[in-house]
Amino acid sequence: MLKKGDKIPDVQLLNSKNESVNLRDYIGKPLVIFFYPKDNTQGCTAQACGFRDHYDEFLAYDASIIGISKDTPGSHEKVISKRKLPYPLLTDQKGKVLKAFGVSTYLFGAISARCTFIVDKEGVIQYSFREDIQIGKHITKSLKMLEKLN
């Protein structure tokens, strides 16, 4: 399980266009990684749209945002298009990245818990919150941590 002070892993995931993306490709600027349970559910849509609605605030800290779930690239593409998300959603269908980050799963591993990690520009985790707190707090807490890193 990854924690504060650990480097993000060198892992490949698929984006919504079915292209391989490495988490380490994001090193060089702050990164917000949020894990969420399922595309097109009420809470996950609210969370994804919350990050979208505050996207300019994240850009002010030169931060990138990525969302990760076990959903398929096709499902992610529909969400990105429908909700006009300006950041990528990545697929971890086998749950390897979820496991590496220590993200809990439910329903026999079918869906993940809601967790957010703040990573500095060197690729080191600086903050994480794993509790299923109010969805909007994932955004406000992320912005506060990015302010501290700046």
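What share of the contacts in the protein with a separation of 6 or more comes from residues 24 or more positions apart? In this predicted model, such residues account for 63% of those contacts. The secondary structure comprises 5 helices and 9 strands, and the order of elements from the N terminus is β-β-β-α-α-β-α-β-α-β-β-β-β-α. Of the 150 residues in the protein, 49% are buried. The accessible surface is about 7,600 Å², and carbon and sulfur atoms contribute 51% of that surface.

Confidence was considered next. The mean pLDDT of the protein is 88, with 88% of the residues scoring at least 70. Helix 2 (residues 55-60) has the highest confidence, at 97, whereas the lowest is found in strand 6 (residues 105-106), where the mean is 58. Leu59 is located in helix 2. With a relative accessible area of 40%, Leu59 is partly exposed, since that value falls between the limits of 20% for buried and 50% for exposed. Leu59 lies 29 residues from Pro30 in sequence, and the C-alpha atoms of these two residues are 9.8 Å apart in space.

Helix 3 (residues 73-83) has five listed positions that are buried, namely Pro73, Ser75, His76, Val79 and Ile80. These residues lie on the same side of helix 3 because they span an arc of only 160 degrees around the axis. Lys78 and Lys82, on the other side of helix 3, are exposed. The packing partners of the buried residues of helix 3 are strand 1 (12-14), strand 4 (64-69) and strand 5 (89-91). Directly after helix 3, the backbone at Lys84 adopts a positive phi of about 55 degrees.

Strand 8 (residues 115-119) pairs with strand 9 (residues 125-129) through 4 bridges in the antiparallel sense. Within this pairing, Tyr127 in strand 9 is the residue opposite Ile118. The hairpin formed by strand 8 and strand 9 has 5 residues between the strands, and Gly123 in this hairpin has a positive phi near 85 degrees.

Aromatic contacts were examined by ring geometry. A pair of aromatic rings is described by two quantities, the distance of the centres and the angle of the planes. With a limit of 6.5 Å between ring centres, the count is 9 aromatic pairs. In one of them, the ring centres of Phe101 and Phe117 are 4.8 Å apart and the planes meet at 70 degrees, so this pair is edge-to-face.

Tyr127 has a relative accessible area of 27% and is partly exposed, whereas Phe129 is buried at 1%. Ring pairs also connect Phe34, Tyr36, Phe51, Tyr55, Phe58 and Tyr87 into a cluster.

How values were computed. Residues numbered from 1 in each chain as written. Predicted model: local features only at pLDDT ≥ 70, side-chain atom pairs only at ≥ 80, totals over all residues. Heavy atoms only, no water. Buried < 20%, exposed > 50% of the residue type's maximum accessible area, 1.4 Å probe, protein only. Helix = DSSP H or I, 4+ residues; strand = E, 2+ residues; numbered from the N terminus. Arc of directions from axis to C-beta. Contact = heavy atoms within 4.5 Å. Pairing = 2+ DSSP bridges. pLDDT = per-residue confidence, 0-100. Areas by Shrake-Rupley, 256 points an atom, 1.4 Å probe, with all protein chains shown as cover. Phe/Tyr/Trp six-rings, centres within 6.5 Å; stacked < 30°, edge-to-face > 60°.
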